[in-house]
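Here is my note on the chain you sent over, as numbered points. Please read it with the structure open.

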Amino acid sequence: QVQLVESGGGLVQAGDSLRLSCVASGSTFSMKAMGWYRQAPGKQRELVGCISNGGSTNYASSVKGRFTISRDNAKSTVYLQMNSLKPEDTGVYYCNSKSGTHCYYQDYSWGRGTQVTVSS
């Protein structure tokens, strides 16, 4: 099973930027779509965005234009660049591996998450 480890979270002010990273174990990273999710206190986990193995991306409307997902297959790493952060972006951010090449494949593996806190 793929193991995923997120990093890069922290406490920032509104308007700041953060870049999250997720490193995957195993040799199949380049063949998998990867997703980023978040969970705010008292709320359900929600999709932030996803990137296919070929680099196609999609985003939640709440982050479109502010967040960017990218991947480096040579490093088995997926990134989430977050700009113009808002207090409502606060939550635990999780990396997710899909079972196939595109974002519509089912969820396969999850990381443990990294906390992002945005103060106003």
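1. Burial of Asn96. The model is a predicted one. Asn96 has a relative accessible area of 0%, so this residue is buried. Asn96 belongs to strand S9, which covers residues 91-98.

2. Surroundings of Asn96. What does the side chain of Asn96 join through a polar contact? The partner is the side chain of Asp107, and the contact is 3.2 Å. Leaving aside residues up to four places away in sequence, Asn96 touches Leu4, Ala33, Met34, Gly35, Tyr37, Asp107, Ser109 and Trp110.

3. Disulfide of Cys22 and Cys95. How many disulfides does a search of the whole structure find? The search finds two. One joins Cys22 to Cys95, with an S to S distance of 2.1 Å. This pair links distant parts of the chain: Cys22 lies in strand S3 (residues 18-24) and Cys95 in strand S9, 73 residues apart. The link is left-handed, with -80° about the S-S bond. Cys22 and Cys95 are both buried.

4. Disulfide of Cys50 and Cys103. Cys50 is joined to Cys103 by a disulfide, S to S 2.1 Å. Here too, distant parts of the chain are linked: Cys50 is in strand S5 (residues 46-51), while Cys103 is in the loop between S9 and strand S10 (107-110), and the two are 53 residues apart. The angle about the S-S bond is -100°, and the link is left-handed.

5. Disulfide pattern. Counting bonded cysteines along the chain, the disulfides follow the pattern 1-3, 2-4.

6. Aromatic pairs. The structure holds three aromatic pairs. For Tyr94 and Trp110, the ring centres are 6.5 Å apart and the planes stand at 85°, so this pair is edge-to-face. Tyr94 is in strand S9 and Trp110 in strand S10; they are 16 residues apart, and the pair links distant parts of the chain. Tyr94 is buried because its relative accessible area is 13%, whereas Trp110, at 33% relative accessibility, counts as partly exposed.

7. Aromatic cluster. Which residues do the ring pairs link into a cluster? They are Tyr37, Tyr94 and Trp110.

8. Charges over rings. The charged end of Lys32 sits over the ring of Tyr108, at 5.8 Å from the ring centre. The charged end of Arg71 sits over the ring of Phe29, at 4.5 Å from the ring centre.

9. Trp36. This residue is placed in strand S4 (residues 34-39). With a relative accessible area of 0%, Trp36 is buried. The C-alpha atoms of Trp36 and Cys50 are separated by 6.1 Å, and the two residues are 14 residues apart along the chain.

10. Secondary structure. The protein chain has zero helices and 11 strands. Read from the N terminus on, the elements run β-β-β-β-β-β-β-β-β-β-β.

11. Overall dimensions. Why does the radius of gyration agree with a compact globule? For 120 residues such a globule would have a radius of gyration near 14 Å, and the protein chain has 13 Å, so the values agree. The C-alpha trace spans about 40 × 25 × 25 Å along its principal axes.

12. Burial and contacts over the chain. Of the 120 residues in the protein chain, 43% are buried. Among contacts with a separation of 6 or more, 55% are between residues 24 or more positions apart.

Definitions and conventions: Residues are numbered from 1 along each chain as its sequence is written. This is a predicted model: local features need pLDDT of at least 70, side-chain atom pairs count only at pLDDT 80 or more; totals for chains, interfaces and linings use all residues. Side-chain values use heavy atoms; hydrogens and water are left out. Helices (H or I, at least four residues) and strands (E, at least two) are DSSP runs, numbered from the N terminus. Buried means under 20% relative accessible area, exposed over 50%, partly exposed in between (1.4 Å probe, protein chains only). A polar contact is a pair of N or O atoms within 3.5 Å; within protein, one must be able to donate a hydrogen and the other to accept it, and residues adjacent in sequence count only if both atoms are side-chain atoms. Contact means heavy atoms within 4.5 Å. A disulfide is a pair of cysteine sulfur atoms within 2.5 Å. Rings of Phe, Tyr and Trp (its six-membered ring) pair if their centres lie within 6.5 Å; planes under 30 degrees apart count as stacked, over 60 as edge-to-face and the rest as tilted. A charge sits over a ring if NZ of Lys or CZ of Arg is within 6 Å of the ring centre and within 35 degrees of the ring normal. The radius of gyration is taken over C-alpha atoms; the globule rule is 2.2 Å times the number of residues to the power 0.38.
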